[in-house]
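The sequence and coordinates are shown first.

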Amino acid sequence: MKGSFKIWCRAAGIRALKTLAQTAAAGIGVCAALGEVPWLTVLSSAVTAAVLSLLTSAAGLPEIEKEEKE
């Protein structure tokens with residue numbers, strides 16, 4: 001059980017970091033096109049997306065379920 005939680009934390013963390021980066025990139029791109037980047041807004045949106053990703057991961061991660069079947 002302890003090992004599987006560690007695996008879940010790693011997979012969920014990687015997924016959350018990817019989500020954070022994608023959200024930040026999208027926010028920066030849209031705001032830059034409009035002329036000014038509100039960094040606090042971009043950062044708070046990206047962090048919120050990362051937290052939501054972690055909460056979604058609590059329902060299950062396909063990559064872990066795939067490993068467990070093998």
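## Aromatic pair

The model is predicted. Searching the whole structure gives one aromatic pair. The two partners are F5 and W8, and their arrangement is stacked, with 6.2 Å centre to centre and 20° between the planes. The angle falls in the stacked class because planes under 30 degrees apart count as stacked.

Both residues belong to helix α1, which covers residues 2-34. F5 and W8 are three residues apart there, so about one helical turn separates them. F5 is exposed, at 52% relative accessibility. W8 is partly exposed, with a relative accessibility of 25%. The labels follow from the cut-offs, because exposed means over 50% relative accessible area and buried means under 20%, with partly exposed in between.

## W39 in helix α2

Helix α2 spans residues 39-57 and contains W39. The relative accessible area of W39 is 56%, and the residue is therefore classed as exposed.

How far apart are W39 and G27 in sequence and in space? The separation between W39 and G27 is 12 residues along the sequence, and their C-alpha to C-alpha distance is 9.1 Å.

## Cysteines

How many disulfides does a search of the whole structure find? The count is zero.

The cysteines described here are C9 and C31. C9 has 33% relative accessibility and counts as partly exposed. C31 counts as buried, with a relative accessibility of 16%.

Methods
Residues are numbered from 1 along each chain as its sequence is written. This is a predicted model: local features need pLDDT of at least 70, side-chain atom pairs count only at pLDDT 80 or more; totals for chains, interfaces and linings use all residues. Side-chain values use heavy atoms; hydrogens and water are left out. Rings of Phe, Tyr and Trp (its six-membered ring) pair if their centres lie within 6.5 Å; planes under 30 degrees apart count as stacked, over 60 as edge-to-face and the rest as tilted. Helices (H or I, at least four residues) and strands (E, at least two) are DSSP runs, numbered from the N terminus. Buried means under 20% relative accessible area, exposed over 50%, partly exposed in between (1.4 Å probe, protein chains only). A disulfide is a pair of cysteine sulfur atoms within 2.5 Å.
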